[in-house]
Amino acid sequence: MIIDQVKKNCIPRHVAVIMDGNGRWAELHGNDRIFGHRQGVESVRSVVEGAGELGIEYLTLYAFSTENWCRPKEEVNALMALLVDAIVKEVDNLREKNVKMRVIGDIDSFPPEVQAKLKDAIENTGSNTGLNLILALSYSGRWDILQATKKLVREAIAGKITIEQLNEPFFIDHLSTSGVPDPELLIRTSGEYRISNFLLWQSAYSEFYFTPILWPDFRKENLFEAIVDFQCRERRFGKTSEQIRS
Ligand code: IPE
Ligand code: IPE
Ligand code: MG
């Protein structure tokens, strides 16, 4: 089994996923796009379970980007309804699996009902100590960097910080992912080779894994395959191979 090939002593702490290909999957199955999104919830369930089995600490799922607001109104509305439905249905399952949910993104841009359900799920799973599931909703990397910058400028104007204090750790503390290690592995499904404004700052040294599998077909076994691939790579962080091996 593929899980047996995963080396348990070097599991990435943080895996991030760009869940792409729902629309194409639906089209292949002769159905409308929302059918693909609905099927994608099944993949989320499987991947959350797989991440828990491996002891991954953080799993970030890109579920809705800032740019996705520009999709047809009917699709955006259907996605909102699906989000509420999935959260309500899954929260017991998350509690049972000891998963703690967190959201990153411009949550204020969501309809009040969606915000309330997200808040409930975050509160209901708040004391869990297992996998940290981070949903990126109305998220974009540029939004994140900008909101961090705004917070810092506000603090500077209020005289709480000086320019000299501004360094990388300090900046990182103001990102929406504050307290979360950068993802060692970033997976994108559906055969697209781009980052689509995801974790721009945080993925500076991530290993990328691209798979042609469409998100609704992706299962935990595919996550294990990605991790096996990741474990064969040499992460050099600017150094030479010789330096890394010594
Ligand atoms: C990803 O699937 C889900 C969201 C972006 C919300 P898509 O809806 O982008 O599916 P494709 O890329 O059109 O196949
Ligand atoms: C990226 O997928 C966003 C999410 C998976 C939520 P898109 O399908 O929106 O990306 P582009 O627009 O094709 O790059
Ligand atoms: Mg897409």
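Biologist: In this structure, does Cys-10 count as buried, partly exposed or exposed?

Modeller: The model is a predicted one, and the accessibility of each residue is computed from it. Residues under 20% relative accessible area are buried and those over 50% are exposed. Cys-10 has a relative accessibility of 33%, and therefore counts as partly exposed.

Biologist: How many disulfides does the structure hold?

Modeller: A disulfide is a covalent bond between the sulfur atoms of two cysteines. A pair of cysteine sulfur atoms has to lie within 2.5 Å to be counted. The cysteine sulfur closest to that of Cys-10 belongs to Cys-232, and at 9.3 Å it is too far for a bond. For the structure, the number of disulfides is 0.

Biologist: Is Cys-70 buried or exposed?

Modeller: A residue is exposed when its relative accessible area is over 50%. The value for Cys-70 is 70%, so Cys-70 is exposed.

Biologist: What is the angle between the planes of Tyr-62 and Tyr-139, which form an aromatic pair?

Modeller: The structure holds 13 aromatic pairs. In the one formed by Tyr-62 and Tyr-139, the rings are edge-to-face, 6.2 Å apart from centre to centre, with an angle between the planes of 85°.
This pair links distant parts of the chain, with Tyr-62 in strand β2 (residues 58-65) and Tyr-139 in strand β4 (residues 132-139), 77 residues apart. Both Tyr-62 and Tyr-139 are buried, and the angle asked for is 85°.

Biologist: Which residues do ring pairs link into a cluster with Tyr-62?

Modeller: Tyr-62 forms an aromatic pair with Tyr-139. Ring pairs extend this to a cluster, in which Tyr-62 is joined by Tyr-139, Trp-143 and Phe-198.

Biologist: Which element gives the largest share of the lining of the largest pocket?

Modeller: The largest pocket has about 910 Å³ of space. Its lining is made up of 43 residues, and those nearest the centre are Met-19, Asn-22, Tyr-62, Ala-63 and Phe-64. At least two lining residues come from each of α1 (22-28), α2 (33-54), β2, α3 (73-96) and β4. The largest share, 10 residues, is supplied by α3.

Biologist: How many charged residues are in the lining of the second largest pocket?

Modeller: The volume of the second largest pocket is about 150 Å³. Its lining includes Glu-168, Asp-182, Glu-184 and Arg-235. By class, the lining has 5 nonpolar and 2 polar residues, and the charged residues number 4.

Biologist: Where is Thr-177 found, and is it buried or exposed?

Modeller: Thr-177 lies in the loop between α6 (168-172) and β5 (185-188). Beyond its neighbours within four places in sequence, Thr-177 is in contact with Arg-102, Ile-104, Asp-144, Leu-199 and Gln-202. From Val-103, 74 residues away in sequence, Thr-177 is 9.3 Å apart in space, C-alpha to C-alpha. Because its relative accessible area is 5%, Thr-177 in this loop is buried.

Biologist: Which helix holds Glu-155, and what is its relative accessible area?

Modeller: The helix that holds Glu-155 is α5 (residues 141-157). Leaving aside neighbours within four places in sequence, its contacts are Lys-160, Ile-161, Phe-170 and His-174. The C-alpha atom of Glu-155 is separated by 41 Å from that of Ala-226, 71 residues apart along the chain. Glu-155, in helix α5, is partly exposed, with a relative accessible area of 23%.

Definitions and conventions. Residues numbered from 1 in each chain as written. Chains lettered and ligands numbered in written order. Predicted model: local features only at pLDDT ≥ 70, side-chain atom pairs only at ≥ 80, totals over all residues. Heavy atoms only, no water. Phe/Tyr/Trp six-rings, centres within 6.5 Å; stacked < 30°, edge-to-face > 60°. Helix = DSSP H or I, 4+ residues; strand = E, 2+ residues; numbered from the N terminus. Buried < 20%, exposed > 50% of the residue type's maximum accessible area, 1.4 Å probe, protein only. Contact = heavy atoms within 4.5 Å. 1 Å grid on protein atoms, 1.4 Å probe; cavity = no way out; pocket = protein on both sides within 12 Å on 5 of 7 lines; lining within 4 Å. Points joined across faces, edges and corners; volume = space filled by probe spheres on them. Nonpolar A, V, L, I, M, F, W, Y, C, P; charged D, E, K, R; others polar.
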